[in-house]
Amino acid sequence: MKVIAVNGSPRKTKNTATLLEKALEGAKSQGAETELIHLYDLDYKGCISCFACKLKNDKSYGKCAYKDGLTPVLEKAANADAIILGSPIYFESVTGNMRSFMERLMFPYQTYTTGYRSVFGRKIPAAFIYTMNVTAEQMNDLGYVQGLRFSEMDLERVFGYFEALVVNDTYQFDDYSKYVITTFDGDKKAKVKEEQFPVHCQMAYDLGVRFTKIFK
């Protein structure tokens, strides 16, 4: 079994990457082969609307025909048994790199037919791990959940199963005193990191374990 995780954060050792690594640890504990991919290492574009993936009787149907640094990742996703995406929230949404990846990942599989039927060809579990500065209450008040849900529905439609892990009130800076910040309390953030982040890491690990068993 192959489980891939895709990091949409520019940082490789902070909250999002750590949680993805924990999820892969969980999957690996069950015998899965795992790989963590960092999108910010790659040179690629979002969907260019060439519609090659929608051509009748063409070898490109259901596949992204555009070739760039993302092509090998899309091939790995096509052969994976589970996919776990992760991104911090920038301006109420996932990072631009993650959004571009999701366009290229899902659009070829989602057809222009009744119900936007998927041609992925099988069901695999897909997940998204979100990390964000805001608290759960602020997230709900600001409407984050509704905005993110559209992409979640697409992931579920394409791959057949979806889960989300939301990690709020994250610790953003190693030293808050170095930055001009009045909206967040560094000491409170540090306490949340100490008390809650390990809980979220365990939740990510458990997700990885669970994903090796869903469609067995």
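Which residues does Phe-101 touch, not counting residues up to four places away in sequence? In this predicted model, local features require pLDDT of at least 70 and side-chain atom pairs count only at pLDDT 80 or more, whereas totals for chains, interfaces and linings use all residues. Residues are numbered from 1 along each chain as its sequence is written, and side-chain values use heavy atoms, with hydrogens and water left out. With contact defined as heavy atoms within 4.5 Å, Phe-101 touches Val-6, Leu-39, Tyr-44, Leu-70, Val-73, Leu-74 and Leu-85.

Phe-101 also belongs to the largest nonpolar core, which has 34 residues. A nonpolar core is here a set of buried Ala, Val, Leu, Ile, Met, Phe, Trp, Tyr and Cys residues joined through side-chain atoms within 4.5 Å; buried denotes under 20% relative accessible area, exposed over 50%, and partly exposed the range in between, with a 1.4 Å probe and protein chains only. Leu-85, Met-98, Phe-101, Met-102, Phe-128 and Phe-159 are the members that touch the most other members. At least two residues of this core come from each of strand E1 (2-7), helix H2 (71-79), strand E3, helix H3 (96-106), strand E5 (124-131) and helix H5 (144-159). Helices (H or I, at least four residues) and strands (E, at least two) are DSSP runs numbered from the N terminus. A second, separate core comprises 19 residues, among them Ala-23, Ala-82, Ile-129 and Phe-197.

Leaving aside residues up to four places away in sequence, Asn-97 touches Leu-39, Tyr-40 and Tyr-44. Asn-97 and Pro-10 lie 87 residues apart in sequence, yet their C-alpha atoms are 8.9 Å apart in space.

Tyr-40 also takes part in a nonpolar surface patch with Tyr-90 and Phe-91, and the three together have about 380 Å² of accessible area. Patches are made of residues with over 30% relative accessible area and no salt bridge, like charges being joined within 9 Å and nonpolar side chains (Val, Leu, Ile, Met, Phe, Trp, Tyr) within 5 Å. Accessible areas come from the Shrake-Rupley method with a 1.4 Å probe, and for residues only the protein chains shown count as cover. Phe-91 is located in the loop between strand E3 (82-90) and strand E4 (93-94) and is exposed, with a relative accessible area of 78%.

Side chains of opposite charge can pair when their charged atoms come close. With a salt bridge taken as a side-chain nitrogen of Lys or Arg within 4 Å of a carboxyl oxygen of Asp or Glu, the count comes to 13 salt bridges. In the pair formed by Asp-41 and Lys-12, the closest N and O atoms are 3.0 Å apart. This pair links distant parts of the chain, with Asp-41 in the loop between strand E2 (33-38) and H2 and Lys-12 in the loop between E1 and helix H1 (15-28), 29 residues apart. Asp-41 is partly exposed, at a relative accessible area of 49%, and Lys-12 is likewise partly exposed, at 39%.

Lys-76 forms a salt bridge with Glu-35, the closest N and O atoms being 2.6 Å apart. Here too distant parts of the chain are linked: Lys-76 lies in helix H2 and Glu-35 in strand E2, 41 residues apart. Lys-76 is partly exposed, with a relative accessible area of 33%, as is Glu-35, with 23%. Lys-2, Glu-35 and Lys-76 are linked in a network of salt bridges. Arg-122 and Asp-81 meet in a further salt bridge (3.8 Å, N to O). Arg-122 lies in the loop between H3 and E5 and Asp-81 in the loop between H2 and E3, 41 residues apart.

Thr-170 is placed in the loop between strand E6 (160-167) and helix H6 (186-195). Thr-170 counts as buried because its relative accessibility is 9%. Apart from its neighbours within four places in sequence, Thr-170 is in contact with Asn-15, Thr-131, Met-132, Asn-133, Tyr-176 and Lys-189.
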